[in-house]
Number of protein chains: 6
Amino acid sequence: MSQLRLNQLTWREVRQAGERGIALLPIGSQEQHSSHLPMGTDTLLVEAVVDRALDLLAQEASGPDVVRLPALPFGHSPHHLFAAAVSLSAATLGAVLDDVLDSLVTSGHHRIMVVNGHGGNDEIMRLAVKRLALRAEVSVAACSYWTITSGDDDGGRPDVTPGHAGWFETSLMLAARPDLVRRPVPARTPVVPPPLFDQPPYPGLTVERHGEWARVGGSTDDPSGADAARGRALLDDRARGLARAIQAFHAATR
Amino acid sequence: MSQLRLNQLTWREVRQAGERGIALLPIGSQEQHSSHLPMGTDTLLVEAVVDRALDLLAQEASGPDVVRLPALPFGHSPHHLFAAAVSLSAATLGAVLDDVLDSLVTSGHHRIMVVNGHGGNDEIMRLAVKRLALRAEVSVAACSYWTITSGDDDGGRPDVTPGHAGWFETSLMLAARPDLVRRPVPARTPVVPPPLFDQPPYPGLTVERHGEWARVGGSTDDPSGADAARGRALLDDRARGLARAIQAFHAATR
Amino acid sequence: MSQLRLNQLTWREVRQAGERGIALLPIGSQEQHSSHLPMGTDTLLVEAVVDRALDLLAQEASGPDVVRLPALPFGHSPHHLFAAAVSLSAATLGAVLDDVLDSLVTSGHHRIMVVNGHGGNDEIMRLAVKRLALRAEVSVAACSYWTITSGDDDGGRPDVTPGHAGWFETSLMLAARPDLVRRPVPARTPVVPPPLFDQPPYPGLTVERHGEWARVGGSTDDPSGADAARGRALLDDRARGLARAIQAFHAATR
Amino acid sequence: MSQLRLNQLTWREVRQAGERGIALLPIGSQEQHSSHLPMGTDTLLVEAVVDRALDLLAQEASGPDVVRLPALPFGHSPHHLFAAAVSLSAATLGAVLDDVLDSLVTSGHHRIMVVNGHGGNDEIMRLAVKRLALRAEVSVAACSYWTITSGDDDGGRPDVTPGHAGWFETSLMLAARPDLVRRPVPARTPVVPPPLFDQPPYPGLTVERHGEWARVGGSTDDPSGADAARGRALLDDRARGLARAIQAFHAATR
Amino acid sequence: MSQLRLNQLTWREVRQAGERGIALLPIGSQEQHSSHLPMGTDTLLVEAVVDRALDLLAQEASGPDVVRLPALPFGHSPHHLFAAAVSLSAATLGAVLDDVLDSLVTSGHHRIMVVNGHGGNDEIMRLAVKRLALRAEVSVAACSYWTITSGDDDGGRPDVTPGHAGWFETSLMLAARPDLVRRPVPARTPVVPPPLFDQPPYPGLTVERHGEWARVGGSTDDPSGADAARGRALLDDRARGLARAIQAFHAATR
Amino acid sequence: MSQLRLNQLTWREVRQAGERGIALLPIGSQEQHSSHLPMGTDTLLVEAVVDRALDLLAQEASGPDVVRLPALPFGHSPHHLFAAAVSLSAATLGAVLDDVLDSLVTSGHHRIMVVNGHGGNDEIMRLAVKRLALRAEVSVAACSYWTITSGDDDGGRPDVTPGHAGWFETSLMLAARPDLVRRPVPARTPVVPPPLFDQPPYPGLTVERHGEWARVGGSTDDPSGADAARGRALLDDRARGLARAIQAFHAATR
């Protein structure tokens, strides 16, 4: 298969790839990630996973051409504006996704995948892909990168994955962009009670309480044990998972 | 605790209950449920679970006053319009939830819970409760009734729960409103390949394909083995689970 | 004719009824009704009138099949939020009506009637039915229940009909749901000057003054003379009127 | 009192008049008025009534200063686009009214009146003035010119008032702008059945049927008996009525 | 050619003119113009230029029929609300233009021109005409009147054209509507630093600073040297320019 | 001064820089650029100019800290969808800019600059910065990169600057990203008549004709004479111009 970057293609190449290929849109965020991780963490990580997955696919004999779009660097992060964020409202992000997806269809694409790097984008992304499949004759897939695993043991800690600015994200950043992680990574004292959005009072219940993110200091768990080696393993696992998911989506909708 | 119905209260009683109580809004749908279940299945079931849970709570010595709102009978069901549905767009349903939640806050409520009966409402409900907690000083909870279990063995089949118009919903309807289930419940021949929205080609991936609901005939799994006794057990289990979830939300936000 | 409830029909029955029948949507409100009537008064009354009218029609040899939808329990009541209400904005209520009406058309209905229980919904309902008739090949009717009379003497007092939480609504509630009327019904001292929205300074003029509903205490006229017997007569009159209106709409658009 | 035109005032004069005066906005339409009346009939007539009323008020010793805005020449006329119209959607017209009314409040006005010349604007105007009174500390009035009579005998024919492009409007145009009425005024053969929007099948029922305006040829009744003298009497009556309504609004909200 | 006024035409005449003619919509504003010019200055001036241009065209043997619409008297003036204005938001003005332009197309027009009298409308007008040409098979032109010159020497001062309530607009008003210019025209002391929106710190840069219009007193340059004779020359020049522009648009899109 | 990248900063660093620095947002497009330039040309070029300008500023002793945001890779390109584009509607792009600008203000920034790489974004950007300055206490600047020159002779051809996919953009791409320019650059036969959007029939007139971009083949002028050396000079000139513009904005709003 070929790995193509939409921004580097001419329009005829885009049209040609659209006939059989898969268009892939990464979406991220710019938002506070505690005092040790950069604002762009989610965008950097989803791009890291996507690019590694595409590298893996490029080594395979068969598979779809993938046209990777530039990542949308901004997501839905109103809950981080108490500190700092560049946040699109849910309506705006939904409109951006509608417009981007419609453009791809108008430009000849029939199969599209959105890969997400930020929890706050999740529902908006799901609604957008459902809307698209109702109004256009397409197949469209969506996932958040941390949920797509290879199925092998990745040495991870499911209890703090993905969390926010905690063990998981810090480990991945130590692997992907160590230069952007401020050291020493500060320890986080447990907050009592823990944030209701992260640890709801009953299984299956979503609870949102006003001011909760500020109360707990902007992160969900202690990042101080984060580890570059384990971060590399986790990152590789997601890349392998995503490569397989792309192949599976290709096979199911070919 | 008291179980109160908002539509039967005077406005002073609403204000009074708002100080310490929990307002509870059930939301459902009107949409095709194959040839044997009625359009209002989701609304009927979420109301059945909510009312049983409130009956359980009413027997307890302590606990919150719960002000139950009339159910919103219409949900987001554009994928069922190929057959028949009364569907609100995602934007409309989001606006309804915003307006209802804001009204409750303006009328003095600080704690609100939304209980959902239809899968298609899920993301919209989650976005609405997140938005509310950002703009108002409230605690707000949300769940879909089938995900709130007691934790005990309920004799269920997780592989087909909730599904759509299949074993789970048919069993519950045989328990809750047997008069509305057309007999004999028809057997459903497996559709090959199964619908991508229900059985994605890779774990963690959401896939939507145009025309998929019509292709598979409007249901996800075979309802013919549905059983009233197991339906009663499942329904009781959700009611017990929801009663406990309300108590837990009360305790966490008191 | 048959009286059918959409929420109890299967989708094929909905489609079948849509060919020749009339879909009927009641809309109401949840809003303060002074200290003696419940929040849901408007919804309860419009449902009482609709259901009695449908009972009358069911006894007739000829006439249309009527598919009654679940009532929309929430309306446009921003002027009652000073006390308590669950209010949809005009834009939201308009969107709900658009979506519901479009869904009915998509599901095969050609003739639709909206019956309203709350004055504040009136303009929004009219705009919605006009919009629908422009974009779809349908006939659509709308009315507020208190304006549809049999034409016979109903013993009513036109000067205080419908009013709000006054003689008319209290009499009807004493007939329809006496258990929900708090006794004794309190006398209302005349407010001077009377509310401009109810008694404009010149005939034909609409006047809205900020804070007027709060200034006059949330009602328009003295409910203390309300009477169950006269309420029954008024209710029966509206039910007979609505039954005839449905027959007339049927005959005109058949 | 003074009669002032907002477009001719400096901003300081606008602010000064806003303290005690009444701002008055005429709204009209541009839409087909059969083959003998011009597109601007509604705007021309509402301006004629308003200007005559203001002339009458200018002769009185006491009364409010009235700041007359330029008329909004476009209204909500989608039902006339089958022939020709310049129509704003209901949402657009509502937004225009919101913006104009908010601007007046921001510029210092506390009392505002909207005078309407086109039936299709009615509900939108009413909703706009209600919204304004909820969000701003103002008194705001609204009317359609044909409903504001002096109360004296005006020689009118209530059965065809206002109608559309029929006896009433043609008579008024023969009085106000005879140069714009094409002669001979054509007779109109009765359409059978008459349009449901004008003659509903049951009193109190609103009925809209797709294509009805085109079916009946764009007018409601026979204009051929229209008469300039009676038009003058009708016009004068509305002017007197409006002058009195302005005085009454002034007295009630002073 | 003929000069036609849409509000005076019957609908059949509008349709007929639409086949070959050009529809022309003037748009203006109501906003503070310092202490010596009226609120309606922009609308009055654009109408003066348009009507003179149409008079010039009417004297020519050949050329298009022009159907002049009533001017939209309100524009986008939020920056003048610190003093007084009747302002439409950018979204509302865009919606008005969309609706008016769509109506013209639906009523049979293929060629449309918008002539603007207010700087704040410029971007909104450009976006509207671009949108229209994408969704309808039309040719559509737009300009602000001060930018359309004859090309001859008009004795103007480009450094203060158009400015706001300064030398240019005051001169034109002294020519077009001297009765509405308050005398003596007050001298304006230079404001230091000059307003950033009028004199940006670097060529090609747009700079907007909060509160700038209030800081500089609502005008851009000294109007005290304004002159009726030069105003007449400038006005005639724009009228000649616009007449030629209409001819050129006609020739290019015939 | 420092050159900072928002996506690499922690939130505390963003807040700190916001106090005195300038936030800079590049916006671009993904759209057809004829057969020899890539879809991302506008984004690549605006980023090239911005990054060179920031490099120049970094060498200076004094000046503002500039916090560069990730470029928005998508713009308003509906006119290029006939071939291929990823286009946001004007409403969506306006909402994105509103949200991004509001986020920056909420996160502590007082001075913001938007630098644009695509003509179709221009009006939307201007409206957005005007809106922001009205609702927030900020100074905000905007420009399109090709209009910001050093004032020195840059060897350019103003008649074809910027054009679309012609001499100017091709020369710049040969300088900035020669690897992405397909060779040989094809010659473009003159299209007769030339596109009305690029060469209006009268100076100062904007004319948009349906289907014009497709008719002229998607570009405005002949790129075959494009030259890398002259492209470097043009690029350096814009970079110097932008660096000076940033300094001037800093000085004027400090």
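**Close-up views of a predicted multi-chain model**

View 1. Helix α7 of chain A runs over residues 228–253, and its 26 residues reach 37 Å from the first C-alpha to the last, close to the 38 Å expected at 1.5 Å a residue. The expected span of a helix is 1.5 Å times one less than its number of residues, while helices (H or I, at least four residues) and strands (E, at least two) are DSSP runs, numbered from the N terminus. The model is a predicted one, in which local features need pLDDT of at least 70 and side-chain atom pairs count only at pLDDT 80 or more, whereas totals for chains, interfaces and linings use all residues. Residues are numbered from 1 along each chain as its sequence is written, chains are lettered from A and ligands numbered from 1 in the order in which they are written, and side-chain values use heavy atoms, with hydrogens and water left out.

**View 2. The interface of chain A and chain F.** Here 47 residues of chain A are in contact with 47 residues of chain F, contact meaning heavy atoms within 4.5 Å. The two chains bury about 3,500 Å² between them, 63% of it on carbon and sulfur atoms; buried area is the accessible area (1.4 Å probe) that two parts lose on being put together, summed over both. On the side of chain A, Gln8(A), Trp11(A) and Phe74(A) lose the most area to chain F, together 16% of what that side buries.

View 3. The elements that give two or more residues to the side of chain A that touches chain F are α1 (11–20), β5 (85–86) and α3 (90–106) of chain A, and the largest share, eight residues, comes from α3(A).

View 4. Gln30(F) lies in strand β3 (residues 30–31) of chain F and is buried, with a relative accessible area of 1%; buried means under 20% relative accessible area, exposed over 50%, and partly exposed in between (1.4 Å probe, protein chains only). The side chain of Gln30(F) reaches the backbone nitrogen of Gly40(F) at 3.4 Å. Leaving aside neighbours within four places in sequence, the contacts of Gln30(F) include Leu6(A), Asn7(A) and Pro70(A) as well as Thr43(F) and Phe74(F).

**View 5. Glu60(A) in a loop of chain A.** Glu60(A) is placed in the loop between α2 (41–58) and β4 (66–68) of chain A, where the residue is partly exposed, with a relative accessible area of 37%. The side chains of Glu60(A) and Gln247(A) are joined by a polar contact of 3.0 Å. Although Glu60(A) and Ser2(A) are 58 residues apart along the chain, their C-alpha atoms are separated by 9.5 Å.

View 6. Ser150(C), in the loop between β7 (139–144) and α5 (167–176) of chain C, is buried, with a relative accessible area of 7%. The side chain of Ser150(C) reaches the backbone nitrogen of Asp152(C) at 3.0 Å and makes a polar contact of 2.3 Å with the side chain of Asp237(C). Beyond neighbours within four places in sequence, Ser150(C) is in contact with residues including Arg240(C), Arg244(C) and Tyr202(D).

View 7. The peptide bond from Val192(B) to Pro193(B) is cis, with omega near -10°, and Pro193(B) lies in the loop between α5 (167–176) and β8 (206–209) of chain B. Ala165(A), in the loop between β7 (139–144) and α5 (167–176) of chain A, has a positive phi of about 60° although it is not a glycine, and at 0% relative accessibility Ala165(A) counts as buried.

Key. Polar contact = N/O pair within 3.5 Å; in protein donor to acceptor, adjacent residues only side chain to side chain.
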